[in-house]
Amino acid sequence: MTITTTSLTRAAGLCAVAAGLLFIAVQINHPTLDLALVATAEWTVRQSMKVLMTVLALAGINGLYLSQVRKNGVLGLLGYLIFSAGFLAMMTIEVVALVVLPAIAPSAPGYVSDVLAVATGGTANGDMGLFPALSLISGIGYMAGGLVFGIAIFRANVLARWASVLLAVATTATMGMALLPGINQRLFAVPTGVALIGLGYSLWRSQRSRVQASVPATISAPLQSAVSQ
């Protein structure tokens, strides 16, 4: 099996699509975050989905950036780094929530409750170490990175521009969650998921078109050689 740049880029596009689908799916009927939920099988399943989503999103973001690296410029690089840092911090938080929190919940319920409170935009009652800083990095990276990266993709005009606009708007709109307490906060994740799906499909399709366009040229070369003989 030959691994090419095109095949890797197409795989990155599919990763972005899968990440978007998982980002939306995990929000459906999501229960309230509390201490009781941490000990359930549902917690394990949902957190596993979130970890997988962040891994796939990072692979997709890399493919989105590299597919148009010559047109992204400094703005694209900045958006890529910030957005990737946000998802990397998010992945770390989700791994901790999956592996660590269920193990320490019986002995340190106060700490676990504080983690869940901070994760939903609340405040902690006790000392949480560097976790609030990690959560802040994740939030800033997600919102600011999504905005800058979406603008850069739009300016490059290589992938679906509607999806790049949606990415910029959806990630930035997350800042409004605190101002809209009556609205389910998980709804804010859906537009970002759609944006990732749109960008990933656009990346996959562009590489597929490139492969199809190169096939006639590959076939015509031997034919021309045979005619000349």
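**Stop one: a pocket**

Start by selecting Thr5, Thr9, Gly63, Leu66 and Ser67: of the 12 residues lining the second largest pocket, these lie nearest its centre. A pocket here is worked out on a 1 Å grid over the protein atoms alone, as an open set of points where a 1.4 Å probe fits, with protein on both sides within 12 Å along at least five of seven lines; lining residues have an atom within 4 Å of a point. Helix H1 (5-25), helix H3 (41-66) and helix H9 (189-228) are the elements that each give two or more residues to this lining. H1 supplies the largest share, five residues. Helices are DSSP runs (H or I, at least four residues) and strands are E runs of at least two, numbered from the N terminus.

The space in the second largest pocket is about 210 Å³, a volume being the space filled by probe spheres set on the points, which are joined across faces, edges and corners. What classes of residue line the second largest pocket? Four are nonpolar, seven polar and one charged. In this scheme Ala, Val, Leu, Ile, Met, Phe, Trp, Tyr, Cys and Pro count as nonpolar, Asp, Glu, Lys and Arg as charged, and the others, Gly among them, as polar.

A word on what you are viewing: this is a predicted model, with local features needing pLDDT of at least 70 and side-chain atom pairs counting only at pLDDT 80 or more, while totals for chains, interfaces and linings use all residues. Residues are numbered from 1 along each chain as its sequence is written, and side-chain values use heavy atoms, with hydrogens and water left out.

**Stop two: the whole chain**

Zoom out and switch to cartoon: the chain has nine helices and zero strands. Of its 229 residues, 39% count as buried, where buried means under 20% relative accessible area, exposed over 50%, and partly exposed in between (1.4 Å probe, protein chains only).

**Stop three: the cores**

Now select Met53, Phe83, Phe87, Phe149 and Leu199, the residues with the most contacts inside the largest nonpolar core, which has 27 residues. Such a core is a set of buried Ala, Val, Leu, Ile, Met, Phe, Trp, Tyr and Cys residues joined through side-chain atoms within 4.5 Å. H3 gives the largest share of this core, seven residues. Apart from it lies another core, of 14 residues, including Val115, Val118, Met128 and Phe131.

Centre on Leu199: beyond its neighbours within four places in sequence, Leu199 is in contact (heavy atoms within 4.5 Å) with Leu64, Ile153, Leu159, Ala160, Ala163, Ser164 and Leu167.

Next, jump to Leu58 in helix H3. Is Leu58 buried or exposed? Leu58 is buried, at 15% relative accessible area. Leaving aside neighbours within four places, Leu58 is in contact with Ser84, Phe87, Leu88 and Met91. The C-alpha atoms of Leu58 and Ser84 are separated by 6.3 Å.

Pick Asn29, in the loop between H1 and helix H2 (35-38). Its phi is near 55 degrees, a positive value in a residue other than glycine, and Asn29 counts as exposed at 69% relative accessibility.

Then pick Asn157, in the loop between H7 and H8. Asn157 is not a glycine, but has a positive phi of about 55 degrees; with a relative accessible area of 46%, Asn157 is partly exposed.

Finish at Thr120, in the loop between helix H6 (109-119) and H7. Thr120 is partly exposed at 39% and, neighbours within four places aside, is in contact with Leu33 and Gln185.
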